[in-house]
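Visitor: I am new to this structure and would like a short tour. Could we go through it together?

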Amino acid sequence: MKILVTGGAGFIGRWVVKKLLEKGLDVWVLDNLDNSREKNLEEFTNNPHFKGLTEGDIVSEETVSGLFEEHFDLCFHLAAQINVQESLDNPQKAYEVNVLGTYNILEQARKYGTKIILMGTCMVYDIADCSKAISETHPLKPASPYAGSKLASENLAESYYHGLGLPVVICRPFNTYGPFQKSNMEGGVVSIFIERALKGEKLSIFGDGTQTRDLLYVEDCADFLLKAAFHDGSEGETYNAGLGTDISVKDLALKIACGEDKVEFVTHHHPQSEIPKLVCDYSKAKEKLGWEPSTDLDTGIRLTREWIASNS
Ligand SMILES: NC(=O)c1ccc[n+]([C@@H]2O[C@H](COP(=O)([O-])OP(=O)(O)OC[C@H]3O[C@@H](n4cnc5c(N)ncnc54)[C@H](O)[C@@H]3O)[C@@H](O)[C@H]2O)c1
């Protein structure tokens, strides 16, 4: 089996590559290293099943079509412009990478009959009804060009499934964290907090810290994507994945910080795009794919802390 991972040098992508190589599958990576580095793939370079990184842009039709001449059986499409603030500042980039880039992938997949695992996001859901966990049927309301462009890419992929018979599975993980996530402002809240705590700095909370997140450990996220890919009958479906419990950003900060005096509250950059409560209902993935998370938050934080401490 020949497998392409777009965005495979990135945080989640490199874990998907790792899990696929552990299964003895042949893996190619397409990534322009816009938000990642080749070093993330270093441990795979001597693996004969790792077929290398193509440093290229999914927005380039020429690059994508050239690579697809390999005739991939499966493509995990993770490459994306992921920064919410950047998408508010520059919606065009979110559109080009997330919509046009996905179109290029879908067109080549159609040519070769490649099954697509499309990486969506929980950021597409409406935040109005926060009383219960969010399932795949929850109303949608993208609140940033990032979320809007990701939803557009999902819709496009779904249209290739219904209209053109392309096998497509849409995966919507909730906030994912773990080793290899950036710990600067482009990273996730867990990595940012751990990095600051290790440096003895204050942990800054945007707003009052009551906003909650459902935090999914990255290896569980990668396992979810593989389950979605290799499960017969998953095509044409959308699946959520998360831990199934949420934690407020304030409580997360207190869990990671060394004392309450190490936590501070700062003005939010984009309160209009903030999501007050996010908790995942992953019962569909559990029932249909046999997937459920196996790493609790404390274990995930410990593993992430160990990685950041030994890599900074
Ligand atoms: N991290 C999360 O919490 C989370 C949650 C849900 C969904 N996602 C989705 O998962 C995917 C991976 O996100 P991540 O958190 O690993 O972020 P990431 O930025 O580490 O991964 C994205 C990768 O895509 C690459 N890339 C960006 N633009 C590209 C382009 N034009 N051409 C080729 N490569 C390009 C980047 O260099 C990076 O390696 C994204 O699709 C994101 O929307 C992430």
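Guide: What follows is a conversation about the domains, the sheet, the ligand shell and some single residues.

Guide: This is a predicted model, in which local features need pLDDT of at least 70, side-chain atom pairs count only at pLDDT 80 or more, and totals for chains, interfaces and linings use all residues. Residues are numbered from 1 along each chain as its sequence is written.

Visitor: How is the protein chain divided into domains?

Guide: Domain 1 covers 2-177 + 217-242 + 280-294, and domain 2 covers 189-212 + 245-279 + 298-311. These bounds come from an automatic or database domain assignment. The centres of the two domains, taken over C-alpha atoms, are separated by 26 Å.

Visitor: How many residues of domain 1 are in contact with domain 2?

Guide: On the domain 1 side there are 14 residues, in contact with twelve residues of domain 2. Two residues are in contact if their C-beta atoms, placed from the backbone, lie within 7 Å. Helix 3 (residues 84-89) gives the most to the domain 1 side, with three residues. Helices (H or I, at least four residues) and strands (E, at least two) are DSSP runs, numbered from the N terminus.

Visitor: And what classes of residue are on the side of domain 1 that touches domain 2?

Guide: That side has twelve nonpolar, two polar and no charged residues. Here Ala, Val, Leu, Ile, Met, Phe, Trp, Tyr, Cys and Pro count as nonpolar, Asp, Glu, Lys and Arg as charged, and the others, Gly among them, as polar.

Visitor: Switching to the sheet, in what order do the strands come?

Guide: The order is 3-2-1-4-5-6-11, an open sheet of seven strands with parallel pairing. Two strands pair if DSSP finds at least two bridges between them. Strand 3 (50-55) and strand 11 (238-241) are the edge strands, each pairing on one side only. From one strand to the next, the twist averages 15°.

Visitor: What packs on the sheet?

Guide: Helix 7 (residues 218-230) does, touching strand 4, strand 5, strand 6 (168-173) and strand 11. The direction of helix 7 makes about 160° with that of strand 6. For such angles, axes are lines fitted to C-alpha atoms, for helices over the stretch in contact, and angles run from 0 to 180 degrees between N-to-C directions.

Visitor: Which residue is the bridge partner of R172 in strand 11?

Guide: The partner is N240. Strand 6 and strand 11 pair in the parallel sense over four bridges. Strand 11 is covered on both faces, with T238 and N240 buried on one side and Y239 and A241 buried on the other. A residue is buried if 20 or more other C-beta atoms lie within 10 Å of its own, exposed if 12 or fewer, and partly exposed in between; C-beta atoms are placed from the backbone.

Visitor: Why is helix 6 said to be largely enclosed?

Guide: Helix 6 (residues 189-198) has ten residues and eight of them are buried, so the rest of the structure largely encloses it. Among the buried ones are V189, F193 and A197. The buried residues of helix 6 pack against strand 7 (176-177), strand 8 (203-206), strand 9 (212-213), helix 8 (249-256) and helix 10 (297-311). Just after helix 6, G200 takes a positive phi of about 75°.

Visitor: Now the ligand. Which residues are closest?

Guide: The closest are G7, G10, F11, S36 and A80, out of 30 residues that surround the ligand. A residue is near a molecule or strand if its C-beta atom, placed from the backbone, lies within 6 Å of it. Helix 1 gives the most to this shell, with three residues. By class, the shell has 14 nonpolar, twelve polar and four charged residues.

Visitor: Is H71 buried or exposed?

Guide: H71 counts as exposed, because it has 10 C-beta neighbours inside 10 Å. This residue is found in the loop between helix 2 (61-68) and strand 4.
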